[in-house]
Amino acid sequence: MSLESDPAQLDQSDAPHSAVPDTQWHRFTKATVLGDALKLVGFLGLAVFYGAKQILENDGIDELRDSVSGISSFILIILAAVAAFVLIVTVFSAITWRFKRFALVPDGIHLQSGVFIKQHVHVRWDRVQSVDISQNLVARVLNQGSVAVESGAAGTDDVELGLLTMKHCEALRQVIMEASAAARLGKDPEFGDWTKGSAVTAQEFPIYALETRRLVLTTLYSVSGIAGIFSLAGTLLVGLVLDGFAWIPFLFVVLGSAWSSIKKLAKTWGTKVFLASNGVRIRSGLVSTFAQTVAPGRVHAIEINQPRMWRRLGWWRLSVLTLATGEVNDDADALVIPVGTREEVERMLWVILPDLGVDDAQAFLEEAFAGSGGSVAFTPAPEQSKWLDPVGWRSNAIALTRTVAVLRWSGFWRRSTKFVLHDHYQSLALSQGPLERHLELASLRFCMVNVAVIPIQSHLRLDDAVRLIGNESVAGKVRRAAADRESIEAWRLRVGVH
């Protein structure tokens with residue numbers, strides 16, 4: 001059975017014994033096989049590139065020239081071997097496609113795969129954290145994509161359902177989100193006839209669009225961009241001075257810097273953010289496109305940062321930490337606004353965060369983004385911290401409001417402000433390195449579940465850190481006891497989404 005023909009039927013002869021009825025299983029489109037073969041071709045191309053680079057680094061340009069000359073005499077044999085290898089992999093991909101299938105049933109999503117070693121992944125509806133649609137280059141050409149379902153349950157694998165036609169991807173995503181929402185409310189999930197692509201997609205309201213000019217400028221105004229420019233200039237200079245192929249080693253340096261910048265640019269190209277019925281919807285990508293939904297109620301922390309080279313331009317970046325993404329940094333999957341004005345990032349902050357927990361929110365934000373030293377709200381880093389933070393110690397400070405902890409930090413490369421919700425962290429910790437102990441300083445950590453990067457305010461006065469961890473512990477207990485997290489219905493009403 002394939003979604004290209006009749007997705008409601010399945011050949012029972014190849015259906016393994018399972019609690020899931022045979023008629024509920026669905027296969028992916030046959031384009032999945034083509035995608036696997038093209039991935040292999042790309043891998044072989046990278047292998048040739050890195051092989052040449054390795055020869056160049058170890059043996060020099062003469063050895064590389066000799067290797068190329070030797071290969072040219074056997075070029076037909078090599079091409080035949082590559083073609084045979086690709087054919088074998090394609091056949092194997094077709095076999096694995098035959099044994100890979102999924103089902104949507106009342107207890108969750110089931111995914112089966114494997115020819116010799118069988119694998120069965122089950123994600124319960126109430127464990128679904130996010131549902132996203134992605135398209136690589138092959139999928140875009142074929143107008144197909146994959147549905148990625150992330151689960152927050154420990155020990156449970158995430159599942160990727162694809163390739164499917166985009167019509168089926170949109171319908172399947174909508175059905176999974178509705179089933180997950182129903183399960184959390186104690187209701188039985190309903191799937192409808194999603195295989196006909198008949199699910200109704202909720203209306204989306206645009207709130208942000210990334211300008212191409214702005215993206216290109218910020219790519220140039222970055223460490224990798226500047227390194228690439230200097231590398232290119234150096235390579236051209238060496239090429240003019242030296243004869244032969246002596247400039248080729250420098251070319252690899254340029255290609256490395258360019259590749260880093262191009263990957264970042266391609267990932268955020270054309271980013272658009274919408275307000276949808278189930279949260280903030282993000283679409284981006286040049287070669288491969290990705291659509292992601294951030295549910296406001298599942299955001300654990302928000303980071304707004306500004307690289308130093310962006311200050312004259314007045315641009316900022318906003319990303320979020322959720323259980324599904326697992327980290328807050330420049331490369332996080334939940335990068336909501338790659339480049340935005342102060343007004344744009346503040347608007348998005350209010351979309352995600354219902355209440356800052358202060359009386360004068362605008363004055364508080366001004367101090368959080370551009371303040372220096374301490375105040376009634378902010379506890380600053382002491383003067384002795386300048387030995388550990390010589391550049392930004394005057395700006396480093398932390399504030400505890402009724403709803404969030406706000407961490408203000410400034411360094412040589414960038415400054416940032418993090419908003420950590422009181423009721424989302426798992427535990428608190430104080431840490432001291434040897435230099436911190438000598439200077440009577442300490443760092444306050446907000447420990448999150450299943451994250452790679454922990455929000456931390458470094459180099460506070462020890463007495464202040466002890467007081468803050470006590471106050472934050474009380475604030476966390478109060479917020480958890482209140483159990484007044486904003487529901488998705490209340491969020492829709494607040495932002496005007498129906």
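The buried residues of helix α12 pack against strands β15 (378–380), β16 (397–400), β17 (404–410), β19 (427–431), β20 (441–447) and β21 (456–461). Here, contact means heavy atoms within 4.5 Å, and buried means under 20% relative accessible area, exposed over 50%, and partly exposed in between (1.4 Å probe, protein chains only). Helices (H or I, at least four residues) and strands (E, at least two) are DSSP runs, numbered from the N terminus. The model is predicted: local features need pLDDT of at least 70 and side-chain atom pairs count only at pLDDT 80 or more, while totals for chains, interfaces and linings use all residues. Residues are numbered from 1 along each chain as its sequence is written, and side-chain values use heavy atoms, leaving out hydrogens and water.

**Helix α12**

The buried residues of α12 are Asp-464, Ala-465, Leu-468, Ile-469, Glu-472, Ala-475, Gly-476 and Arg-479. Because they cover an arc of only 135° around the axis (taken from the directions from the helix axis to the C-beta atoms), they lie on the same side of α12. On the other side of α12, Asp-463, Val-474, Lys-477, Val-478 and Ala-481 are exposed. An α-helix has 3.6 residues a turn, so residues three or four places apart point the same way.

**Salt bridges**

The whole structure contains 14 salt bridges, each defined as a side-chain nitrogen of Lys or Arg within 4 Å of a carboxyl oxygen of Asp or Glu. The table gives examples.

| Pair | Distance, N to O |
|---|---|
| Arg-281 and Glu-204 | 3.8 Å |
| Lys-386 and Glu-383 | 3.5 Å |
| Arg-467 and Asp-464 | 3.5 Å |

Arg-467 and Asp-464 both belong to helix α12 (residues 462–482), three residues apart, about one turn of the helix. Arg-467 is partly exposed, with a relative accessible area of 38%, whereas Asp-464 is buried at 13%. Elsewhere, salt bridges that share partners join Glu-204, Arg-281 and Arg-283 into one network. Both Arg-281 and Glu-204 are buried. Lys-386 is partly exposed, with a relative accessible area of 31%.

Leu-34 lies in helix α1 and, at 41% relative accessibility, counts as partly exposed.
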